[in-house]
Amino acid sequence: MLRGLQRLGVSRSASPGKYFPQYKRYASAGLPEFTKDRYSHVKRGNFATLDQNHLNFFRDLLGENRVLTDPSDCQAHNVDWIRNVRGYSQCVLKPRTTKEVSQILAFCNSRRLAVCPQGGNTGLVGGSVPVFDEVVLHTALMNKIISIDNVLGVLVCEAGCVLENLENYLADNGLMMPLDLGAKGSCHIGGNVSTNAGGLRLLRYGNLHGSVLGLEAVKADGEVLDLLSTLKKDNTGFHLKHLFIGSEGTLGVVTKVAIQCPPKPRAVNVSFLGLESFEKVLETFQLAKRELGEILSSFELIDALSLDVVTGYHGMKSPLDDYPFYVLVETQGSNEVHDEGKMSKFLEKALESGVVKDGTVTNEDSKMKAIWALRERITDGLLLDGYVFKYDLSLPIKEFYGIVTEFRNRIGKDAVRICGYGHVGDGNIHLNISV
Ligand SMILES: Cc1cc2nc3c(=O)[nH]c(=O)nc-3n(C[C@H](O)[C@H](O)[C@H](O)COP(=O)(O)OP(=O)(O)OC[C@H]3O[C@@H](n4cnc5c(N)ncnc54)[C@H](O)[C@@H]3O)c2cc1C
């Protein structure tokens, strides 16, 4: 029995936009300044400038339709997701095969043409778009699933597969991707590997160094590296794949990925809790680890000013009254009765001890999605604040939220909003400063 808990839909909702900033500015309304102008001290390297001979080679290789040169077609590839930086590439290439990637890179290398690999262009640090006029190598057409091993749960696919498409494909096979993030509808698995993306369930399924079993990559000179092992245990020699995980295109282009996929959980529960201090958040995290054990799959923090973004800008309803902190706790397991029992016990203890002030829990799909949206839509909502400085920080857990307080003390009213949300389980906070 979940004493003191309000079931979703029964509780009063918090007044939307209580902390809504007075001044709204829309950074996304126009194009950002060229990166070369904003950071004029960064100088273009000694690279060649694209000419007609280069374009002729690309068109002979890929055909007219897979070589974009029209400025309006290139624009989306020159501007990043948060519309913060902007390059001026005049050529976007869309290879379909590893061989084409290899031929493009060998050619560019021999002609000293700079290349910017690009996946879903959801990276938040400007790495996915050219700084100057680099040729963009876009992996969107490398989107085939190569094989699936249902017994071992191993998926092999091309780098341009969109994460959400893989998730849907695996669901039909009783499996799931070991990572999930708010950008899943656009980001590519090749981009995920190249950024060593963490996401919402790293706490449970670990990082990509553990789940990527192998990969194929093409070096800048066109050499293809076949590191596409599908073995869970492979202790032969060096494991070059780890260098590519998180290398952000600096070592070459990832073209294929073999990844370990866990079984799709049959029982999922999500609770959303209100707390009065960050110390209580840490106490709740310890309690969750103790009580939920192996089924704990996510433990996400949202502070009041972050929740205000989604209630204010997106008009979403919070199921709880106002608190300084909220946490989203998710379990994934294989037995509904067992998992619900554990979640109930955890919530009872959290409420009875006063560590958690209020909460709601559900296992209904639509309601779980609604709660997850409160967390996942913060990132895009923040863009409506104006210019946002975004920091993605991994910190010792005790300092996790202190960084937000420190910035508030130092910057004070000069910022429109200073807020923090993120993955408590990984010590990874998203600090955002809107000005
Ligand atoms: C709403 C939202 C939520 C997010 N949440 C998270 C999160 O929880 N955790 C997290 O880690 N990130 C998160 N991100 C950031 C981003 O989604 C990830 O970094 C993602 O992995 C990038 O994938 P992408 O395909 O969009 O890559 P891109 O943005 O296109 O590229 C990112 C970098 O990888 C390089 N690259 C891309 N593809 C290749 C390739 N095939 N070979 C070599 N280099 C390549 C690019 O050159 C660039 O340097 C989030 C972003 C958004 C918008």
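These are my notes from a look through this predicted model.

**Ligand site**

I began with the ligand and listed what surrounds it. There are 32 residues around the ligand, and P117, G119, G120, T122 and G123 come nearest. Helix α6 gives the most, with five residues.

Then I went through some polar pairs. On the backbone side, a polar atom of G120 sits 2.8 Å from an oxygen atom of the ligand. V254 also uses its backbone: an N or O atom there is 2.8 Å from a nitrogen atom of the ligand. For N192 I noted a polar side-chain atom, 2.9 Å from a ligand oxygen. How much of the ligand does the protein bury? Taken alone, the ligand exposes 970 Å², and 93% of that is buried by the protein.

**The annotated span**

I took the end C-alpha atoms of residues 85-264 and found them 38 Å apart. That span is 23% helix and 22% strand.

**S102**

I looked up S102 and found its place in helix α4 (residues 98-111). Buried or exposed, I wondered about S102? S102 counts as buried because its relative accessible area is 15%, and the cut-off is under 20%. Leaving out residues up to four places away in sequence, S102 touches V218, G222 and V224.

**Nonpolar cores**

Last, I turned to the cores. The largest nonpolar core has 32 residues, and V281, V329 and F346 have the most contacts inside it. The elements giving two or more residues to this core are the strands β10 (267-275), β11 (296-303), β12 (325-333) and β16 (428-434), plus the helices α10 (278-292) and α12 (336-352). Helix α10 gives the most to this core, with seven residues. A second, separate core has 25 residues, including L175, A197, V212 and C261. As background, I jotted down that nonpolar side chains tend to be buried together in soluble globular proteins.

What is V329 in contact with, leaving aside its neighbours within four places in sequence? My list reads N269, V270, S271, L273, L292, L296, S298, F299, M343 and F346.

Note on methods:
Residues are numbered from 1 along each chain as its sequence is written. This is a predicted model: local features need pLDDT of at least 70, side-chain atom pairs count only at pLDDT 80 or more; totals for chains, interfaces and linings use all residues. Side-chain values use heavy atoms; hydrogens and water are left out. A nonpolar core is a set of buried Ala, Val, Leu, Ile, Met, Phe, Trp, Tyr and Cys residues joined through side-chain atoms within 4.5 Å. Buried means under 20% relative accessible area, exposed over 50%, partly exposed in between (1.4 Å probe, protein chains only). Helices (H or I, at least four residues) and strands (E, at least two) are DSSP runs, numbered from the N terminus. Contact means heavy atoms within 4.5 Å. A residue is near a molecule or strand if one of its heavy atoms lies within 4 Å of it. A polar contact is a pair of N or O atoms within 3.5 Å; within protein, one must be able to donate a hydrogen and the other to accept it, and residues adjacent in sequence count only if both atoms are side-chain atoms. Accessible areas come from the Shrake-Rupley method with a 1.4 Å probe; for residues, only the protein chains shown count as cover.
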